Amino acid sequence: MLVARNRLASLQTALGRQPAVALIGARQVGKTTLAWECVKDRKAIYLDLQSSEDRRSLKDPRYFLSQFETQLVILDEIHRTPEIFSQLRGLIDDGRRKGFNSSRFLILGSASSELLKQSGESLAGRIEYVQLNPFNIPEVGSENLAKLWLRGGFPLSYLATSENDSINWRKNFVRTYIERDASQFVQRAPTELLDRLWTMLAHNQGTTLNASRLATTLEVTSPTVSRHIGFLQELLLIRKLTPFSANLDKRLVKTPKIYVRDSGVLHALLNLATHEDVLRHPVSGYSWEGFAIEQIANAVADRATPMFYRTADGAEIDLLLEWHGSGELWAIEIKQSSSSSPSRGFYSAVNTIGSKRNFVVCMKGSPRKMHKNLEVMGIVEFLSVVS
């Protein structure tokens, strides 16, 4: 089963205007499949830099790649050979002088744009970044919402033939990331430490980061914990939701909240194989909160900044969107049930910050007004509002 990805159009548009495009995303998120779908009607050469044979082909990258000026070259696992970026600049500039101004290189990387940019600074003005996330609700259909929440959006997990196959894939994914893939980025990090840290973050889903407490439990230093969390964030596995800051007459919480980005991976880390397992677990509410935040944050992409708001006296907004350009604030309370009312702290917070629109977003529910400045709706309906 091939699920149509909504980033296909963005990738095609980027290739049409830039000589190099980096398609970034976590491992196994479907980057290679999308790349081939994008180029199915054109000539392309594919190099997997995880393959020693393909890496040998690039022993002299300038000579080898100059043979394919009229074709798109796909370079997969680019983070394994970051030194190639400096060679691509010369090839792109040579091609521009010959009129080859776009669709030269499609770079696939299992890291965030910030991490790749450290290696690709020489391509400034020549490269565009497109991020591919796991499957989202519009891609799989609203009728599959519960399945997506349980299994998460990694294609091989979501499309598995059974719940048992799905969670086994996710557990192997976690194990492989810890034992092999993360070591490419996290130098000298013991496997056991990464395993315990990732699992502890899962148990603390949706809570504010307390690196000192985690460090004490893991018997390492606080900077070590912060560094490894930063790497998990760069690998697009962890989201740090930053707190809202403004000159208000309030004592604001200034520590970010931490979420395992993919709900299926979260459930695998907690050994939750079925919906019943998830609903009985203490992390259930935070799992749904993280799932909803991820869906919304990906939907608004570069158009709004997702944050949260919390004060020392308990006023809180689960998700705050600050729209770029207008600076307008939207406050969102995330609930599993549409019958749940916002807390007093939510009302206090929206009165303080003066948010333009306020929402309760739940699993399912027809849009309605709770009162004149508070709208209640299901996650599917809310995604149509912000898309």
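Which residues of α11 are buried? I looked this up first. The model is predicted: local features need pLDDT of at least 70, side-chain atom pairs count only at pLDDT 80 or more, and totals for chains, interfaces and linings use all residues. Residues are numbered from 1 along each chain as its sequence is written, and side-chain values use heavy atoms, with hydrogens and water left out.

Entry on α11. I find Leu193, Leu194, Leu197, Trp198, Met200, Leu201 and Ala202 buried (under 20% relative accessible area; exposed is over 50%, partly exposed in between; 1.4 Å probe, protein chains only). Helix α11 covers residues 191-203; helices are DSSP runs of H or I with at least four residues, strands are runs of E with at least two, and numbering starts from the N terminus.

Entry on α16 and α18. I took α16 as residues 284-300 and α18 as residues 379-386; their axes come within 9 Å and cross at roughly 20 degrees. Axes are lines fitted to C-alpha atoms, for helices over the stretch in contact, with angles from 0 to 180 degrees between N-to-C directions. The two helices are therefore roughly parallel (angles under 35 degrees).

Entry on glutamates with positive phi. I noted phi near 60 degrees for glutamate 77, which is not a glycine. Glutamate 77 sits in the loop between β3 (72-76) and α5 (84-97), and counts as buried at 9% relative accessibility. Glutamate 219 also has phi near 60 degrees. I located glutamate 219 in the loop between α12 (211-218) and α13 (222-234); at 70% relative accessibility, glutamate 219 counts as exposed.

Conventions. Parallel < 35°, antiparallel > 145°, perpendicular 65-115°, else oblique. Expected span 1.5 Å × (residues − 1).
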